[in-house]
Amino acid sequence: MIRKNIRSRRARETRLKIYGISSICFALIMLATLLISIGLNGYSALQQAYFKVDISVNTEKFVDERDFLNNKKMNLFNWDGLVQSALREFFPEVKERDEKKELFAIISANAGYDLKEIVKKKALGSGSHTLSVWLHLSDDADQYLKGRLSIDIPEEDRRINNKQIAWVNSLVERDIAKLKFNKAFFTSADSREPESAGILGSVVGSALTLFVTVMFALPLAIMASIYLEYFAKPGRITDFIEVNINNLAAVPSIVFGLLGLSVFLSTFGLPRSAPLVGGLVLGLMTLPTIIIASRASIRSIPPSIREAALGLGASKMQAAMHHVLPLAAPGILTGTIIGMAQALGETAPLLMIGMVAFIIDIPTTFTSSATAMPVQIYMWSDSAERAFYERSSLAILFLVAFLISMNLLAVILRKKFEKKW
Amino acid sequence: MRKIIKTLACAVLATVVTTGQSMAREGDQISIVGSSTVFPFSTIVAERFAKNTDFKAPVIESTGTGGGAKLFCSGIGLEHPDVTNASRAMKSSEKEKCTANGITPVEYMIGFDGITFSNSKKAKKYSLTKEEIFKAVSAKVMSEGKVVDNNFKTWSDINPSLPNVKIDVLAPPPSSGTRDAFVELVMHDTCKKLYKMSKADYKASCSALREDGAVTEAGENDNLIIEKLAANQDRFGIFGYSFLDQNKDKVQGSVVNGVAPSMETIADSSYKVSRPLFFYVKQEHVGVIPGLQEFADYFMSLTVSGSPLEAAGLIPKP
């Protein structure tokens, strides 16, 4: 009888264990599937098709009196024409206008601009120079070389026609076109040409925004939690505040965007699309999360420490600032980093304040126009060009890596500074 | 510790106050809002404009035609946008709001966009009339002179010569300009011309899409619709011509009223489901925002055949 009972209890225990293990396995498999499928779509965006041309430029036309390259004069020059005529030297048989147009479609629409930037960067002196440069092929040629365009369908349905395929292949055979590391992806901001689009603009935008978020939310959250833990008298008002903070943590994030639109933009007249406003909105959003974490962390400090400080004649403020806060710091930091990670992944509140926008310049100040990383992913996944598909996958991987490293930092900080009593 | 906190607080406060006072926007940047259909074209122009001139790159938001007009017409000054894109002409109510706020919108017509009714490349290419499409997607249809609930289950129910395939259509959400245009050009048009209904009547009974499962609302993401069409051969999707053009290896546009959608048929308006696209410039900001007039002129210079906008699916004026 007893033995039977024990056996059934053990069986139940085993079953529970199996349920637990299988649910963990399920979650892990889902996560792995997600990451692997994104990874398979995205890894090819690490490379980009380039072609090499030798170009001779005479910089005499561009320099001003002081022998510096003049921006205005450079803008007026037909850089596209220079690249195109260099390309035509490889294919002298191309003569007709339509055919030329097809030929020029295999190189990036930004090739001329890229060449101009290279010349500018090299700060060449006056005189004629011959440069050997690697420039981007177009997104269609790039996708073809990566095998991402199926070519066994009728020619008129393809983004790239037989002639263009032959030209690209001939460039590859002559070793003047190949896949190289996609540098533009990590060093430039958004572009409408997939081959020149990069995430740096949105990464800088996210960094500026998060900086404002931390500067705004952290001091407020620490003050609020110290007050609530040590100074507030228990009563109706304190309870009311507490309930509201907990509720605020569950408010949908778009609501904070609406708040930002009506308060920061309409009332205070802060600029649209600026990291300053984005940071304030995300700061308000993460405030409750950080307050809750900070309070939990402050509460976990043994009361004896504070009481000892008070007993030795420290004021309430000294006890809090000198003794409790340093000990609670790891917990507060962990809460903050988790709040920041949440803020990093948000797009909805940014939509209302104009940070979901196409911005070509890399932001430099807190008031210049900027977007954020999840916004960039959203906008690329919405673009018609096929090559943006792999780029958005790579950007997702980048964002996930960013989040993982932030959470890792939280874990390390906690491990390093945590004290056991 | 105390000192540090004090300085920090002062610094934060100072930045917020000064930036708040000094500028509503970085003054020399053009701000553009409006239609998501015009957005891809507008961004191409903006990028080229920024890379080929000394002016700063415009900032472009995709807010939808209605949302853009609202922002655009709300006032003069740096906190309000300079340009709004529109996938339809500005409504008179919107123009009134603009005038009331002292704004003169200058209209620029950039070309046309066709709306396609497409399915997977692997399936048969359909040839439909506007009425057949109407019968497939509308919540209400006409039966013996009366407006009744739509009960067509398969395409062969509508027209026996069509295949016996279940009706399954992915439609854009109500917030999209494509949806507005589709309702107007296909559904209202059918009720007006074929059923001779009055404006009030067709607005009341020919605006809603079916909700019995035959029509599914897809998100704003047209790439997702393309993926779904490729996965299910019996499904149809409604989206702009520029997406069909980029994905011709996966999907095909149905023939509507005997004409297949193509650059040529939309430009000469023989393909009937097409609409003009616009952008509006705030006259009061010209000369105040550097490069605004230059941007408008540059945009118009690219709306010709053979331009990069055409390559992106814009159909230039013939």
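How many residues has helix α10 (residues 236-248) of chain A, and what does it reach from its first C-alpha to its last? The legends below describe close-up views of a predicted model.

**View 1. Helix α10 of chain A.** This helix, residues 236-248, has 13 residues and reaches 18 Å from its first C-alpha to its last. That span is close to the 18 Å expected at 1.5 Å a residue. The number of buried residues among the 13 of α10(A) is zero, so the helix lies largely in the open.

**View 2. The side of chain B that touches chain A.** Here 34 residues of chain B are in contact with 37 residues of chain A. On the chain B side, the elements that give two or more residues are α1 (2-22), α2 (39-52), β2 (59-61) and α10 (241-246). Of these, α2(B) gives the most, with eight residues. By residue class, this side of chain B divides into 14 nonpolar, 11 polar and nine charged.

View 3. Strand β4 (residues 357-358) of chain A is joined to β2(B) by two bridges, and the strands run antiparallel. Within this pairing, A:Ala357 stands opposite B:Glu61 in β2(B).

**View 4. The two domains of chain B.** The domain assignment of chain B gives domain 1 (28-112 + 276-311) and domain 2 (113-275). Their C-alpha centres lie 30 Å apart. Between them, 11 residues of domain 1 of chain B are in contact with 15 residues of domain 2 of chain B. The domain 1 side of this contact divides into four nonpolar residues, six polar and one charged.

Technical notes. Residues are numbered from 1 along each chain as its sequence is written. Chains are lettered from A and ligands numbered from 1 in the order in which they are written. This is a predicted model: local features need pLDDT of at least 70, side-chain atom pairs count only at pLDDT 80 or more; totals for chains, interfaces and linings use all residues. Two residues are in contact if their C-beta atoms, placed from the backbone, lie within 7 Å. Helices (H or I, at least four residues) and strands (E, at least two) are DSSP runs, numbered from the N terminus. Ala, Val, Leu, Ile, Met, Phe, Trp, Tyr, Cys and Pro count as nonpolar, Asp, Glu, Lys and Arg as charged, and the others, Gly among them, as polar. Two strands pair if DSSP finds at least two bridges between them. The expected span of a helix is 1.5 Å times one less than its number of residues. A residue is buried if 20 or more other C-beta atoms lie within 10 Å of its own, exposed if 12 or fewer, and partly exposed in between; C-beta atoms are placed from the backbone. Domain bounds come from an automatic or database domain assignment.
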